[in-house]
Structure formats: C-alpha cells, structure tokens
Amino acid sequence: MAGPVQAQPGNLLPVPSGQPVELNEVLLDNNPGELWLRFRFIAPKIGDEVGRIGYDVAARDMLHLCQTLVIPYVAHHDLHPARVVISLSDRTVRFGDVAPDATQFFEAYRLEQSTCIWEEL
C-alpha cells in the first residue's frame with residue numbers, strides 16, 4: 001500500500017487525469033459555524049474550452065486528492081472537520097476574491113471512516 005501523498009510547495013501532485021496540480025494553500029474556516037477545511041489547488045489546464053480538463057475529469061481528481069492527501073492530513077493533525085472543500089483553479093486567486101476570468105471547480109466532502117463522501121454544495 002502506498003504512503004500518503006506529500007504536498008510540498010512547487011511539487012506536482014499525482015492525479016488520475018495526469019494534469020499538473022499543485023497545492024496552493026490549506027485554510028481552516030470556522031465561518032460557516034463549524035470547522036471546514038479548504039484545500040486549494042492550482043490546476044492550470046482546467047477549463048471548458050476544447051483541449052482543457054473539464055469538470056467531469058477534474059471531479060475524479062478532486063476525489064483522489066481527498067483520499068490521498070486530505071485523509072492523511074486530517075489524521076496527522078487530529079482534526080475533525082464537518083466538511084472538506086477541495087478547489088481547483090487555473091490560476092492563483094486569493095480566498096474570497098471575485099475572479100470572473102479564472103476557472104475554478106469545487107467539491108465538498110464529509111469524512112467518514114477514512115473515506116471522502118461527496119456532499120452537494
């Protein structure tokens with residue numbers, strides 16, 4: 001069994017699509033009234049145009065990142081989030097900023113018994 005993915009700045013993370021994905025930041029957010037972990041990734045090849053990585057493919061990558069990066073991170077830091085949000089962006093966008101030219105995909109999960117369960121946002 002492979003060990004957990006180690007995310008280091010500048011390191012590309014392996015995902016099923018093979019697209020380049022890099023961890024941008026992890027945010028602990030209590031603003032929704034409970035702990036949400038936000039894992040924000042840069043994925044410069046995502047988009048709706050021909051030849052780009054679309055949402056359907058990127059969603060599988062986000063689930064993979066949840067299972068291989070988020071689950072070990074949560075266990076290592078002994079966190080108990082109500083939700084985990086994974087976002088992919090084609091460029092760096094500061095959290096909370098409006099960026100209409102940026103492509104961003106989001107998925108939310110709840111964690112149960114070391115498994116990521118998709119949650120509708």
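Modeller: Helices are DSSP runs of H or I with at least four residues, strands are DSSP runs of E with at least two, and both are numbered from the N terminus. The model is predicted, so that local features need pLDDT of at least 70 and side-chain atom pairs count only at pLDDT 80 or more, while totals for chains, interfaces and linings use all residues. Residues are numbered from 1 along each chain as its sequence is written, and side-chain values use heavy atoms, with hydrogens and water left out.

Biologist: Which pattern does the chain follow along the sequence?

Modeller: The chain contains 1 helix and 5 strands. Taken in sequence order, these elements give the pattern β-β-α-β-β-β.

Biologist: What radius of gyration does the chain have?

Modeller: The radius of gyration is taken over C-alpha atoms, and the globule rule is 2.2 Å times the number of residues to the power 0.38. The C-alpha atoms fill a box of roughly 40 × 35 × 25 Å along the principal axes. For 121 residues a compact globule would have a radius near 14 Å, and the chain agrees with this, at 14 Å.

Biologist: Where is Q19 placed, and is Q19 buried or exposed?

Modeller: Q19 belongs to the segment before β1 (22–29). Its contacts (heavy atoms within 4.5 Å), leaving aside neighbours within four places in sequence, include L13, A43, I53 and L88. Buried means under 20% relative accessible area, exposed over 50%, and partly exposed in between, with a 1.4 Å probe and protein chains only.

Biologist: How many Å apart in space are F106 and F39, C-alpha to C-alpha?

Modeller: F106 sits in strand β4 (residues 104–112) and is partly exposed, with 40% relative accessibility. Apart from neighbours within four places in sequence, F106 is in contact with Y55, M62, V85, I86, S87 and L121. F39 is 67 residues from F106 in sequence, and their C-alpha atoms are separated by 9.9 Å.

Biologist: What phi does D78 have?

Modeller: Most residues other than glycine have a negative phi. D78 lies in the loop between α1 (55–76) and β3 (83–89) and is exposed, with a relative accessible area of 56%. Although D78 is not a glycine, its phi is positive, at about 50°.

Biologist: Where does S114 lie?

Modeller: S114 has a positive phi of about 60° and is not a glycine. Its relative accessible area is 53%, so S114 counts as exposed. The place of S114 is the loop between β4 and β5 (115–119).

Biologist: Among contacts in the chain between residues at least 6 apart in sequence, what percentage join residues at least 24 apart?

Modeller: Of the 121 residues in the chain, 38% are buried. For contacts between residues at least 6 apart in sequence, the share that joins residues at least 24 apart is 56%.
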